[in-house]
Amino acid sequence: MIDSHSIARAIVAAQASRFGEAPGATASFSADDALYQGVKQACATLGFIDIDAECLARAWRAQTDRSGSFDPQAWPESPADFGMRAFPPTTRGDAFPPCPTRLGLYAVLPDAKWVARMARAGVPTVQLRFKSDDAAAIEREVVAAVEAVRGTGALLFINDHWRSAIAAQAYGVHLGQEDLDALKPEELKTIRASGLRLGVSTHGYAEMVRADAASPSYIAMGAVYPTTLKRMATAPQGVARLAAYARLMRGYPQVGIGGVDEQRMPEVLATGVGSVAVVRALVADPEPEAAAARLMALCNGT
């Protein structure tokens, strides 16, 4: 009978060229069987944090039970093996309203003036990420952003402020993982019933599984590269992990985010995501309209 150490060695040998290694990493276990422990140790060695290694270990065990054999080359890619419900999520009775499969260039912007500027430049998807403790200022900015995209064709998501987004009749709202987890069930129902599209940030397998439970309109995955814009709880994911995430979540519109610029965008798009979110690549460029045109051309494959 194959033991956990042999399983771990086989997976690392098969997958390290994709994901890299974190030599000396150790795993904690919540089950006794050799397959689970071997896979979890391997995933820790490949650099996955504990909750993601746990997710992968349980998915690999489910995959092995389903297929009847263990294959170290067969990285889990079936939503069912991760305990997720039927795909595509749009078939579920509690699914949020759909949005385009390919959201294209996704500009994350600090205020309504920037939203107006990028919407007029033709950016197809924009997000207002307005940071303030002043409720009245937030409401004014959200209303101004909704007005700014009117007639442009741009889809506007409001970061965090879902009540203001509902009141202003925005296209959608984007929530971080902690914000989603903090919602009461009735609040999530209120957002869904309003007709808002919902996007959710994720930073690995465990967060993708949690986000999927809400059946959102799209999944954002990152941070792909190091970013100075916000403190991240997890290390940069890299394009190899992003490609694996994209294959698992292929029933969703997907947005790659985090440290993406013009030079890096082609390799991010090559993972299969249909949208790439940018911040500094636009707002820090001396000619943001020209930068937007170049980035949109990359997204459109032209």
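This is a predicted model: local features need pLDDT of at least 70, side-chain atom pairs count only at pLDDT 80 or more; totals for chains, interfaces and linings use all residues.

A search of the whole structure turns up 14 aromatic pairs, and two of them get a closer look here.

**Aromatic rings**

- A pair of aromatic rings is described by the distance of the centres and the angle of the planes.
- Take Phe 82 and Tyr 205: their ring centres are 5.4 Å apart with 5 degrees between the planes, so this pair counts as stacked, the cut-off being under 30 degrees.
- Phe 82 belongs to the loop between helix 3 (50–67) and strand 1 (104–109), while Tyr 205 is in helix 9 (residues 205–212), so the pair links distant parts of the chain, 123 residues apart.
- Are these two buried or exposed? Phe 82 has 8% relative accessibility, so it counts as buried, and Tyr 205 is buried too, at 0%.
- Phe 157 and Tyr 218 make an edge-to-face pair, with 5.1 Å centre to centre and 90 degrees between the planes.
- That pair also links distant parts of the chain: Phe 157 is in strand 3 (residues 155–159) and Tyr 218 in strand 6 (residues 218–222), 61 residues apart.
- Both Phe 157 and Tyr 218 are buried.
- Phe 82 and Tyr 205 show up again in one aromatic cluster, together with Phe 19, Phe 48, Trp 60, Phe 70, Trp 75 and Tyr 245.

**Charges over rings**

- Phe 48, one of the cluster members, has the charged end of Arg 241 over its ring, 4.0 Å from the centre.
- Elsewhere, Arg 117 lies over the face of Trp 114, at 5.1 Å from the ring centre.

**Two helices packing**

- Two packed helices are described by the angle between their axes and the distance between the axes.
- Helix 1 (residues 4–19) packs against helix 2 (residues 34–45) at an angle of about 40 degrees, and their axes are 7 Å apart.
- That angle makes helix 1 oblique to helix 2.
- Their crossing is right-handed.
- On the helix 1 side, the contact includes Ser 4, Ile 7 and Ala 8; on the helix 2 side, Ala 34, Leu 35 and Gln 37 are among the residues involved.

**A buried glutamine and an exposed alanine**

- Gln 63 lies in helix 3 and is buried, with a relative accessible area of 11%.
- Which residues does Gln 63 touch, leaving aside neighbours within four places in sequence? They are Ala 74, Trp 75, Pro 76, Glu 77 and Asp 81.
- Ala 270, in the loop between helix 11 (265–269) and strand 8 (275–278), is exposed, with a relative accessible area of 66%.
- The C-alpha atoms of Ala 270 and Val 239 are 8.7 Å apart, and the two residues are separated by 31 residues along the chain.

- Most residues other than glycine have a negative phi, and most peptide bonds are trans.
- Phe 87 and Pro 88 are joined by a cis peptide bond, with omega about 0 degrees, and Pro 88 is in the loop between helix 3 and strand 1.
- Another cis bond runs from Gly 222 to Ala 223, with omega near -10 degrees; Ala 223 is in the loop between strand 6 and helix 10 (238–248).
- Asp 160 is not a glycine, yet has a positive phi of about 75 degrees, and at 24% relative accessibility Asp 160 counts as partly exposed.
- Gln 169 also has a positive phi, about 60 degrees, but this residue counts as exposed, at 69% relative accessibility.

Terms used:
Residues are numbered from 1 along each chain as its sequence is written. Side-chain values use heavy atoms; hydrogens and water are left out. Rings of Phe, Tyr and Trp (its six-membered ring) pair if their centres lie within 6.5 Å; planes under 30 degrees apart count as stacked, over 60 as edge-to-face and the rest as tilted. Helices (H or I, at least four residues) and strands (E, at least two) are DSSP runs, numbered from the N terminus. Buried means under 20% relative accessible area, exposed over 50%, partly exposed in between (1.4 Å probe, protein chains only). A charge sits over a ring if NZ of Lys or CZ of Arg is within 6 Å of the ring centre and within 35 degrees of the ring normal. Axes are lines fitted to C-alpha atoms, for helices over the stretch in contact, and angles run from 0 to 180 degrees between N-to-C directions. Angles under 35 degrees count as roughly parallel, over 145 as roughly antiparallel, 65 to 115 as roughly perpendicular and the rest as oblique. A crossing is left-handed if the near helix is turned anticlockwise from the far one by less than a right angle, and right-handed if clockwise. Contact means heavy atoms within 4.5 Å.
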